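Here is a short briefing for a reader new to this structure.

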Number of protein chains: 2
Amino acid sequence: MDSLDTTFAALADPTRRAILAKLALGEASVTELAKPFAMSLPAISRHLKVLEQARLISRGRDAQWRPCRLDSQGLKDIAEWMEHYRKFWAESLDRMQSYVEQLHAEAERNAKRKKVVSKGKHGKKK
Amino acid sequence: MDSLDTTFAALADPTRRAILAKLALGEASVTELAKPFAMSLPAISRHLKVLEQARLISRGRDAQWRPCRLDSQGLKDIAEWMEHYRKFWAESLDRMQSYVEQLHAEAERNAKRKKVVSKGKHGKKK
DNA sequence: GGCGTATTTAACTTAAATGTTAATTAACTA
DNA sequence: TAGTTAATTAACATTTAAGTTAAATACGCC
């Protein structure tokens with residue numbers, strides 16, 4: 001039910017994270033993705049299925065190839081969850097500075113938006 | 001070996017994420033943490049051990065209680081990994097804007113640092 | 001249709017995760 | 001010291017994950 005379960009579990013495997021790293025450079029077929037690993041093709045195929053279900057990748061069809069590419073949805077889910085804990089992980093000076101700058105920027109944007117949109121409560125869900 | 005394995009795996013369980021959510025509000029004992037769950041105390045105790053090994057929490061000792069609190073290290077590891085994929089998950093307008101502002105801020109800081117520090121290559125480890 | 005390449009599914013094995021209850025350890029209290 | 005509360009460890013059952021090899025499917029080409 002909770003898609004975060006699926007997504008975090010998918011990311012817990014080093015083979016799958018390596019696949020994502022490769023796909024960050026661009027599309028690739030199953031065989032191409034399998035090449036670096038001492039592992040059978042069916043094993044890779046199942047890793048890809050796990051990544052797909054976690055919406056970390058999506059797959060197309062090009063003749064007998066199944067090109068894989070990153071799907072941002074899974075990463076977005078994680079990023080959104082991480083936001084709730086930002087004050088815990090962003091406590092180093094450099095990052096805290098970015099965070100503060102970001103808060104200011106956000107405040108500015110919200111202020112602007114208030115002027116333009118003027119009414120209706122469709123702010124952030126939480 | 002790879003601590004990301006451990007940390008992502010720890011986060012893949014909804015009970016453990018709920019525990020973290022609770023701890024984001026402050027310290028709590030094992031029994032306190034266990035209360036909301038229809039699960040035995042030993043089960044919770046093991047979840048806490050998993051979270052501790054992932055450096056998502058740390059534990060102290062107060063008489064017979066073992067107060068738990070968030071440990072930011074695990075979250076930092078995840079956040080750092082996520083950074084490599086920022087352009088994929090931060091593609092919505094609002095977030096991209098923060099990202100761009102952050103890049104500018106970072107560039108400014110780096111420029112400043114160059115002037116002050118002047119030499120020696122002790123930049124980010126990776 | 002039959003062949004070659006790419007990928008997936010099936011059947012199976014092994015290892016790890018998650019929960020249970022019962023027993024144990026740790027620290028305070030009377 | 002005996003008793004109480006808090007938490008962990010032990011022993012066990014069940015489920016899920018991850019790999020293997022062999023067979024099946026999908027597609028293009030001749």
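Three helices each supply at least two residues of the surface near DNA strand C: α3 (30–34) and α4 (41–53) of chain A, and α4 (41–53) of chain B. Helices here are DSSP runs (H or I, at least four residues), strands are runs of E (at least two), and both are numbered from the N terminus. The model is predicted: local features need pLDDT of at least 70, side-chain atom pairs count only at pLDDT 80 or more, and totals for chains, interfaces and linings use all residues. Residues are numbered from 1 along each chain as its sequence is written, while chains are lettered from A and ligands numbered from 1 in the order in which they are written.

**DNA strand C**
- Around DNA strand C there are 20 residues, and Ser29(A), Thr31(A), Pro42(A), Ser45(A) and Ser40(B) come nearest.
- A residue is near a strand if its C-beta atom, placed from the backbone, lies within 6 Å of it.
- This surface has ten nonpolar, eight polar and two charged residues.
- Ala, Val, Leu, Ile, Met, Phe, Trp, Tyr, Cys and Pro count as nonpolar, Asp, Glu, Lys and Arg as charged, and the others, Gly among them, as polar.

**DNA strand D**
- DNA strand D has 22 residues around it, of which Ser40(A), Ser29(B), Thr31(B), Pro42(B) and Ser45(B) come nearest.
- α4 of chain A, with α3 (30–34) and α4 of chain B, each supply at least two residues of the surface near DNA strand D.
- That surface divides into eleven nonpolar, eight polar and three charged residues.

**Contact between chains A and B**
- Chain B gives 26 residues to the contact and chain A gives 26 residues.
- Contact means that the C-beta atoms of two residues, placed from the backbone, lie within 7 Å.
- On the side of chain B that touches chain A, α5(B) gives the most, with six residues.
- By class, this side of chain B has 16 nonpolar, three polar and seven charged residues.

**Nonpolar core**
- The largest nonpolar core has 42 residues, and Leu51(A), Leu56(A), Ile57(A), Leu51(B), Leu56(B) and Ile57(B) touch the most other members.
- Such a core is a set of buried Ala, Val, Leu, Ile, Met, Phe, Trp, Tyr and Cys residues joined through C-beta atoms within 7 Å.
- Buried means 20 or more other C-beta atoms within 10 Å of a residue's own, exposed means 12 or fewer, and partly exposed lies in between, with C-beta atoms placed from the backbone.

**Positive phi**
- Arg55(A) is not a glycine, yet has a positive phi of about 55 degrees.
- Ala63(A), also not a glycine, has a positive phi of about 55 degrees.
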